[in-house]
Amino acid sequence: MIYFGFFLAAGAAWCAGGAPPSQGDPPANAESKPKAEDYYNRPFTGAGEPPASPDLQMAIEVQEALEGGPLVLNVTLTNKGKAARCIVQRPYASDVSVDAPKEWDYHMRIYGIHSNPPPEITLEPGEKITETLRLHEQFRRIPSGKVLLPVWWRVTEPVSGKEQRTSWATRNLELDIAAATPDRVGTLLKRMEERMRDPNLTYSDRRTLADDLELTHHPELTPVAWAMVESYEDYPRPLWFIEDSGTPCEEIDGRVLKLLEDPRWPGTYDTFSYWDRRKTPLSGRQFQRLLDTGSVWTRVLTYRYFPQRCDKEWKAALFRDLRMQTQPVPSQQFDGLLAKLDSDDFELREQASADLTRLGERVEGQLRHAQETQLSAEANQRVKAILDKLRDAKQSPECIRTLQWLESSSTPETGEILEVLADGQPDAWLTQQAKKQLAEWRKAHDAPDK
């Protein structure tokens with residue numbers, strides 16, 4: 001099931017200033033009831049629908065409520081009855097929603113749709129289920145101040161066969177949203193920076209942290225955005241947030257191009273996607289830096305995304321370099337790297353190991369031959385470690401990521417690139433992978449074999 005999100009941080013605190021808001025008690029008088037004309041009448045809310053059994057009771061805990069976001073609610077449904085209840089959950093969205101004021105400016109976020117059947121869960125007496133609503137992902141403008149939010153839980157229960165019954169549990173949440181003062185946003189900034197330093201973050205944690213950044217409206221969080229962009233962890237790259245926060249495109253491009261010089265940096269594809277959709281093109285000076293980059297795989301994406309800006313001579317040089325990717329590296333280059341494996345300088349030894357690993361199957365035969373010579377214990381150990389890695393991955397992560405990105409690309413340039421790679425050494429992993437992808441590309445585009 002795809003929920004609207006997860007916690008910003010385990011045990012995230014109520015955002016500064018005063019006591020937490022009400023935990024979902026119904027309003028005590030009619031004057032505090034929300035007026036329907038002031039609220040969205042969005043799909044999947046339960047206005048006018050049958051109420052859920054009183055045995056199913058809702059509770060709402062506010063995790064965070066800051067003007068402009070984050071606004072995070074923890075909503076729990078508890079079976080207070082004496083009998084078990086079977087509940088069918090929607091596989092593609094949350095069963096919990098809110099009726100928010102119209103000025104909050106609702107916007108739809110598109111999620112991947114799973115084809116799996118809806119999961120069923122059984123709530124025994126006293127058991128509960130919890131969902132987290134991250135309302136800043138759904139609304140563009142969240143003002144400060146007091147507001148009354150009707151919160152709905154869509155309860156679907158099987159009746160017989162495929163027949164189901166839907167009812168709605170509801171509570172009104174009296175919420176006091178804190179103003180986004182410099183102190184409060186500064187506290188949020190520090191907490192995000194501390195969260196990023198957590199070595200145990202999962203990808204879901206990093207994705208949620210990036211969403212909390214991108215879907216709020218606090219330019220003061222730009223340092224966190226840059227930390228995500230420059231990270232070597234698997235973070236989304238919030239370049240749009242940085243641009244929207246007022247950073248000039250020329251400055252963004254200069255910093256990102258510096259990162260692209262390191263083949264270990266995993267943000268290459270996000271960067272090209274950002275450039276592809278951005279209205280402001282790369283300047284001539286910055287684009288020349290991209291053309292001159294040493295990474296053949298970065299140049300592949302340059303041609304894939306900006307073929308009109310690549311002249312024939314540059315394209316020919318790129319294709320020559322691609323044809324070399326299944327050929328053994330020149331002996332002089334290999335011998336120099338092999339010698340560095342026995343250097344007195346630890347950093348030189350580490351860099352040589354990394355360079356040989358990135359060269360992948362191009363140096364595999366040469367490394368095996370080197371094992372038969374008189375290597376030092378240090379060099380022999382490093383050669384063995386590199387060959388062990390090549391058993392699992394014949395090419396560099398940068399190469400493999402590029403091939404994965406090309407799988408979803410439908411441009412003519414993608415076909416050209418795959419044709420060049422498919423014409424490499426027949427027994428090379430890269431050649432075989434390119435042939436497979438080229439056949440699929442031709443099938444998808446009804447292109448004849450050449």
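Predicted model: local features only at pLDDT ≥ 70, side-chain atom pairs only at ≥ 80, totals over all residues.
1. Helices α8 (residues 296–305) and α14 (residues 397–407) pack with their axes 9 Å apart and at an angle of about 20°. Angles under 35 degrees count as roughly parallel, and α8 and α14 are therefore roughly parallel to each other. The crossing of α8 past α14 is left-handed.

2. On the α8 side of this contact are Trp297, Thr298, Val300 and Leu301, which meet Glu398, Cys399, Thr402, Trp405 and Leu406 of α14. Sorted by class, the residues in the contact of α8 with α14 are six nonpolar, two polar and one charged.

3. Helix α3 spans residues 222–230, and its buried residues are Thr222, Val224, Ala225, Trp226, Met228 and Val229. An α-helix has 3.6 residues a turn, so residues three or four places apart point the same way. The cover over the buried residues of α3 includes α1 (182–196) and α2 (203–214), and also α4 (239–244) and α5 (249–260).

4. Ser343 sits in the loop between α10 (331–340) and α11 (346–359).

5. As for the surroundings of Ser343, a polar atom of the Ser343 side chain lies 3.0 Å from the backbone nitrogen of Asp345. Leaving aside residues up to four places away in sequence, Ser343 touches Leu348 and Arg349.

Notes:
Residues numbered from 1 in each chain as written. Heavy atoms only, no water. Buried < 20%, exposed > 50% of the residue type's maximum accessible area, 1.4 Å probe, protein only. Helix = DSSP H or I, 4+ residues; strand = E, 2+ residues; numbered from the N terminus. Contact = heavy atoms within 4.5 Å. Polar contact = N/O pair within 3.5 Å; in protein donor to acceptor, adjacent residues only side chain to side chain. Axes fitted to C-alpha atoms, helices over the stretch in contact; angles between N-to-C directions. Parallel < 35°, antiparallel > 145°, perpendicular 65-115°, else oblique. Left-handed = near helix turned anticlockwise from the far one by under 90°. Nonpolar A, V, L, I, M, F, W, Y, C, P; charged D, E, K, R; others polar.
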